[in-house]
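User: I'm new to this one. Can you walk me through it?

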Amino acid sequence: RALGVIPGDGGGSPEGLGPSPHTAQGTCCPTCPPPGVFLIPYVLIALVGGIPIFFLEISLGQFMKAGSINVWNICPLFKGLGYASMVIVFYCNTYYIMVLAWGFYYLVKSFTTTLPWATCGHTWNTPDCVEIFRHEDCANGSLANLTCDQLAERRSPVIEFWENKVLRLSGGLEVPGALNWEVTLCLLACWVLVYFCVWKGVKSTGKIVYFTATFPYVVLVVLLVRGVLLPGALDGIIYYLKPDWSKLRSPQVWIDAGTQIFFSYAIGLGALTALGSYNRFNNNCYKDAIILALINSGTSFFAGFVVFSILGFMATEQGVHISKVAESGPGLAFIAYPRAVTLMPVAPLWAALFFFMLLLLGLDSQFVGVEGFITGLLDLLPASYYFRFQREISVALCCALCFVIDLSMVTDGGMYVFQLFDYYSASGTTLLWQAFWECVAVAWVYGADRFMDDIACMIGYRPCPWMKWCWSFFTPLVCMGIFIFNIVYYKPLVYNKTYVYPWWGEAMGWAFALSSMLCVPLHLLGCLLRAKGTMAERWQHLTQPVWGLHHLEYRAQDADVRGLTTLTPVSESSKVVVVESVM
């Protein structure tokens with residue numbers, strides 16, 4: 001792995017700095033905390049949890065030169081963490097691309113004179129469809145044919161386009177219905193695009209990401225300039241920044257913040273260790289991890305101004321409070337924002353820009369996830385099994401398998417399947433579980449000071465002691481605390497506040513979650529039971545690192561690492577920087 005690659009973050013919710021889609025039941029989250037107060041737990045958990053684990057996974061991959069499974073040769077007893085991350089990232093790769101497929105569908109539909117979700121009268125619209133939702137007009141009697149109560153019961157053409165045309169929503173999980181062929185073709189196009197961007201490895205992906213990771217910033221700036229010039233934008237930005245201090249007492253705020261941090265930083269997915277393994281051994285991963293973590297959260301914060309300036313305008317146009325138009329999860333990308341652009345001049349232009357940006361952001365996330373899965377998979381194959389086009393065939397099989405599973409999400413009942421994957425398979429619960437055991441394995445079993453020495457062996461100096469303290473104490477406590485809150489305050493999955501999943505649907509969801517979470521204890525117990533000798537001898541043997549050939553060249557022979565400062569630093573021109581902006 002001679003090419004230096006700085007891993008980006010692997011995903012996140014499309015709503016920017018706000019509650020994770022895992023906490024949104026359906027497309028609306030009426031109990032989500034105001035964004036202003038959300039910034040406080042977000043920043044605190046990023047400092048004590050997100051950034052330390054982000055750095056831990058990158059440096060671990062760089063030091064061990066292996067993917068998500070073999071990286072745990074540093075502590076073989078906990079290799080179950082690698083298998084768990086492979087399960088999680090496979091689930092993530094499977095369902096996350098649906099956001100791209102929907103975005104691609106909206107992008108195609110944007111190239112019209114009149115946006116199809118802006119008006120009623122289409123075949124998918126119902127008699128309850130109405131285009132005007134200004135409550136002040138209702139109060140003033142401008143709508144002669146409708147009373148205020150009747151208006152409240154009517155449906156927006158944006159919602160009907162989303163539910164009746166895109167999703168073709170059925171009665172429930174038990175009613176799968178037929179395939180939506182238009183969305184299926186969009187899904188196929190996304191997987192083909194992902195395949196040809198990933199099939200040659202990070203060398204080709206890195207070049208593509210130079211465009212896909214930087215162009216969204218151009219679109220964000222354009223949308224921000226347009227947004228702040230709209231009436232009501234200032235009210236939206238004030239709502240975004242003004243905290244409601246009483247909300248800090250709500251455990252859900254802290255759960256949402258922890259979930260959002262761990263998901264948007266791609267912690268526990270194995271993608272960071274996989275991409276970190278492509279770094280040069282003496283690459284300064286410490287500096288890179290800090291910079292990328294700040295870019296990650298900074299982009300989310302900046303995107304919040306874009307989103308809430310538009311939502312403020314939307315609230316002003318409709319004559320309602322901004323909390324009434326704010327959506328979470330898929331609702332923001334496919335209901336709130338499409339509704340907002342219908343109120344702007346030259347609406348198709350702004351719709352095309354937004355969904356093109358959403359597509360690029362999603363592609364970055366998908367690249368990282370697929371690369372992490374393929375790297376871990378290929379590392380399991382012995383060198384003697386190598387064959388020509390091994391990587392290309394492996395990526396093709398992975399994409400094909402995920403596409404087949406995705407067909408269940410483009411049926412009439414596909415949204416219910418998507419919500420199951422989103423709520424359980426890669427939820428905050430599973431990621432927090434992963435992060436907790438990663439800290440235990442590295443800081444307490446392998447040794448925090450020992451790993452700090454290993455990092456010094458790579459970069460020439462020891463990182464800030466704060467990292468060691470977080471790995472040893474703060475981060476595990478934060479992870480376990482939020483994990484317990486998640487379990488205690490668990491609520492069964494409900495779609496759109498109306499549809500309650502059947503018991504077998506809940507069972508499927510918990511099967512998704514437990515299929516990754518049980519990898520750690522089952523592998524640990526299996527290794528201990530199969531080993532020979534006393535329990536102390538088994539523990540000693542199973543926690544002994546398995547070093548690679550590169551360690552013989554680079555690892556210091558004595559404990560003093562100060563002499564390693566003469567290692568040749570990585571030149572800036574020799575690195576391909578994979579930076580993903582998360583919105």
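Analyst: Let's start with a term. Rings of Phe, Tyr and Trp (its six-membered ring) pair if their centres lie within 6.5 Å; planes under 30 degrees apart count as stacked, over 60 as edge-to-face and the rest as tilted.

User: How many aromatic pairs does the structure hold?

Analyst: There are 57 aromatic pairs. This is a predicted model, where local features need pLDDT of at least 70, side-chain atom pairs count only at pLDDT 80 or more, and totals for chains, interfaces and linings use all residues. Residues are numbered from 1 along each chain as its sequence is written, and side-chain values use heavy atoms, leaving out hydrogens and water.

User: Take Tyr95 and Phe421. Why is that pair tilted?

Analyst: Their ring planes sit at 35 degrees, with the centres 6.4 Å apart, so the pair counts as tilted. Tyr95 is in helix 2 (residues 80-109) and Phe421 in helix 16 (residues 414-425), 326 residues apart. Helices (H or I, at least four residues) and strands (E, at least two) are DSSP runs, numbered from the N terminus.

User: Are Tyr95 and Phe421 buried or exposed?

Analyst: Both are buried. Buried means under 20% relative accessible area, exposed over 50%, partly exposed in between (1.4 Å probe, protein chains only).

User: And Tyr105 with Phe161, why is that pair stacked?

Analyst: The planes of Tyr105 and Phe161 are at 25 degrees and the centres 6.3 Å apart, so this pair is stacked. It joins helix 2 to helix 5 (residues 157-166), across 56 residues. Tyr105 and Phe161 are buried too.

User: Back to helix 2 and helix 16. Which residues meet there?

Analyst: From helix 2 come Ile88, Tyr91, Tyr95, Met98, Val99 and Trp102. From helix 16 come Met415, Phe418, Phe421, Asp422 and Ser425. Contact means heavy atoms within 4.5 Å.

User: Which classes are in that contact?

Analyst: Nine nonpolar, one polar and one charged. Ala, Val, Leu, Ile, Met, Phe, Trp, Tyr, Cys and Pro count as nonpolar, Asp, Glu, Lys and Arg as charged, and the others, Gly among them, as polar.

User: New topic. Where does Ala178 lie?

Analyst: Ala178 is in the loop between helix 5 and helix 6 (181-198). Ala178 is partly exposed, with a relative accessible area of 43%.

User: What does Ala178 touch?

Analyst: Arg168, Val410, Thr411 and Asp412, not counting residues up to four places away in sequence. The C-alpha atoms of Ala178 and Thr411 are separated by 5.2 Å, though 233 residues apart along the chain.

User: How many helices and strands does the chain have?

Analyst: The chain has 22 helices and four strands. Of its 583 residues, 61% are buried.
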